[in-house]
Amino acid sequence: MLREIEVGTRNWRNELSSSFHCDTVVIGAGVMGLLLAKKLTDLGQSVTLIEQKNTLAYGASIKNHGWLHRGTAHAVSIKDKDQAKSVVQKLIYGFDYLSSYARECIERPFEPMYAVTQDQTVAEQAVCAWEELGVDYEEIAKQDFFKIDPDINGDLPLRIFQSADLHINNRMLFQKLLTDIKKNNGLVIQGADFSYKSEDEIEIHSEKNFIVGAESFVYCTGANLGDAYRQLTGSDLDMSFWKSHLLFLPRFSPFSMVSLDRDMPIIINHGEVSVVNRAYDEAQCTTPDYSTDPVEVDRAFKSLCKLYPFAKGLKKDIQSIVCVKPSINFGDDSRHSVNSQIFEPLPNHFFVLPGKMTEAPYVADEVLHRIYERLDFSQITPRPIDIFQVSSSSETKFQLNQRP
Ligand SMILES: Cc1cc2nc3c(=O)[nH]c(=O)nc-3n(C[C@H](O)[C@H](O)[C@H](O)COP(=O)(O)OP(=O)(O)OC[C@H]3O[C@@H](n4cnc5c(N)ncnc54)[C@H](O)[C@@H]3O)c2cc1C
C-alpha cells in the first residue's frame, strides 16, 4: 500500500509494486497540482502527483511575475462587476492563505507596491471598485512619490496609490509545498507520462511503469489540459490561449508599479531584477504559442520608457519569455478571463484551472469540497447531514427554492 512506503530518504521506485491504489491522482505539478496534493495529504489522503517534466512547476506557475495579488489590478481590469467580485474574493482568499502558510516566501514584506493611472476616470473607477470589494489602498500625492522615486516621468498626470499586494518567491513556495507533500507520504513522480487503463486506472510511464487505481483524478496540467481530456473522452476540449510577453531587466526602480492603463507597463521587482510587461498585452491564440515576438517585446519596452524615460538605456539588457494563460470555452464566455474553472466531464475526473496563481488556494479548497463524498474519513463520525437521506420527492428543495 502507498501509505506504507516511506518517501524522501528511501528509493521508493524500487519498492513500489507495479500496481497500487491511492485515493487521488493529481496530474500536473504547477501551483494548482502542488497545492491540491498538499491539502489532500494534510487530510490524510493517499495522493500520487505526476509531473511530465523532470522538474516540478515547469509552466506558467514559475514563468510569471511572482506577484501575490490582493485584487488591486483585477478590481479595475475586469469590467463585468460580478466577475470582478468573484475573482477579487478568490484573490484575497489566496493572498491571506499564502501570506500566512508561506510567510517566509514573501519577499521584502515591508516594501510597498504601487498602482498608477494617468486617467482621472480610471482613478475614480478604481477607488469605487476597491471600496466596494474591500481592496486596501492609499492615495499618495504625486510630489510625495517623486521624493521616493525621482525617476518616474514627472510630465505625466499621474494618480498614484499604494496597494497591499506582495512579492512572492514562488520557487520557494513550491519547495515548501513539495516538502509538505513528502512529509505527508504523498508520492511525487517526475518525468512521467500517463495513459488510461480504464476510467479509474492509469498507467504511469516513467523509468518504471506502474498501474495506479484511484477514487478521483484531478487534472492540473495548465495549457496541456486538452491532451488529457482527449485521451479520456476521445473529444477535443474547446480552449483558448492568451499569450503575454515578460521582459527581464536589471532593476531600475525602487518600487513595483502596476499601471492600470492600456499600453503602460507593469513592473514587478524581485531582488536585482525587474519583470516588465505591457498592461492588457494578452493576444489570443488557438494553440499554446511560446515563441517570442520582437514586435511585442518592443511594445512592452516602449510602454516602460513612457513611465521611466531613463530606462531607454537598458534596451541591450532585455531578456524575454512568453507566458501562456489557458482557458476553457464553455460557449457562454470565450473572452480572456482570469476566473478559475473546475469542470467534471466524467464522474471523479476534475479538470482545473486556477485563473491566477493567487487564486489556487481557493480553487484547491473548492475541489476538496467537491470530492468530499469520495474522501475517506473513516475514523471520524459522519455528520448528520452526511447520512441524511434526501427523499426521492424533491418537494423540500422545491419549497425552499420558491421562498422569496
Ligand atoms: C504573463 C503572466 C503572468 C502571470 N503572473 C502571475 C502572477 O504574478 N501572480 C499570479 O497569481 N498569477 C499569475 N499568472 C497566472 C498564473 O501563473 C497561472 O494561473 C498559474 O500558474 C497556473 O497554474 P497551473 O498549476 O494551473 O498551471 P501550470 O503552472 O502551467 O502547471 C501545469 C503543470 O502540469 C505539467 N504538465 C503538463 N502536461 C502534463 C502531463 N500530461 N502530465 C503531467 N504533467 C503535465 C506542466 O509541466 C506543469 O508543471 C500569470 C499568467 C501570465 C500569463
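Where the two touch, domain 1 puts in nine residues and domain 2 puts in eight; a contact here is a pair of residues whose C-beta atoms, placed from the backbone, lie within 7 Å. Sorted by class, the touching side of domain 1 has six nonpolar residues, two polar ones and one charged one. For this sorting, Ala, Val, Leu, Ile, Met, Phe, Trp, Tyr, Cys and Pro count as nonpolar, Asp, Glu, Lys and Arg as charged, and the others, Gly among them, as polar.

A word on the ground rules comes next. Residues are numbered from 1 along each chain, in the order its sequence is written. Because the model is predicted, local features need a pLDDT of at least 70 and side-chain atom pairs count only at pLDDT 80 or more, while totals for chains, interfaces and linings use all residues. As for pLDDT itself, it is the predictor's confidence in each residue, from 0 to 100. The protein chain averages 92, and 91% of the residues score at least 70.

Now for the ligand. The shell around the ligand takes residues from both domain 1 and domain 2, so the ligand lies between them. Of the 37 residues around the ligand, the nearest are Gly28, Gly30, Gly59, Asn64 and Gly222; to be near, a residue needs its C-beta atom, placed from the backbone, within 6 Å of the molecule or strand in question. By class, the shell splits into 16 nonpolar, 16 polar and five charged residues. At least two shell residues each come from α2 (31-42), β13 (239-250) and β18 (319-328), and α2 gives the most, with three.

Overall, the protein chain holds 12 helices and 20 strands, which are DSSP runs numbered from the N terminus (helices H or I, at least four residues; strands E, at least two). The radius of gyration is 23 Å, close to the 22 Å of the globule rule for 404 residues, so the chain is as compact as a globular protein of that length. That radius is taken over C-alpha atoms, and the rule is 2.2 Å times the number of residues to the power 0.38. Along its principal axes, the C-alpha trace spans about 65 × 60 × 40 Å.

Some strands are worth a look up close. Strands count as paired if DSSP finds at least two bridges between them. Strand β10 (residues 193-198) runs antiparallel to β11 (residues 201-205), with five bridges joining them, and a hairpin of two residues links the pair. Here Phe194 has Ile204 of β11 as its bridge partner. Strand β11 is also joined by five bridges to β12 (residues 209-219), again antiparallel, and this hairpin has three residues between the strands. Ile202 stands opposite Val212 in β12. Elsewhere, an open antiparallel sheet of three strands has the order β3-β8-β4. Its edge strands, β3 (67-68) and β4 (106-107), each pair on one side only.

Methods
Domain bounds come from an automatic or database domain assignment.
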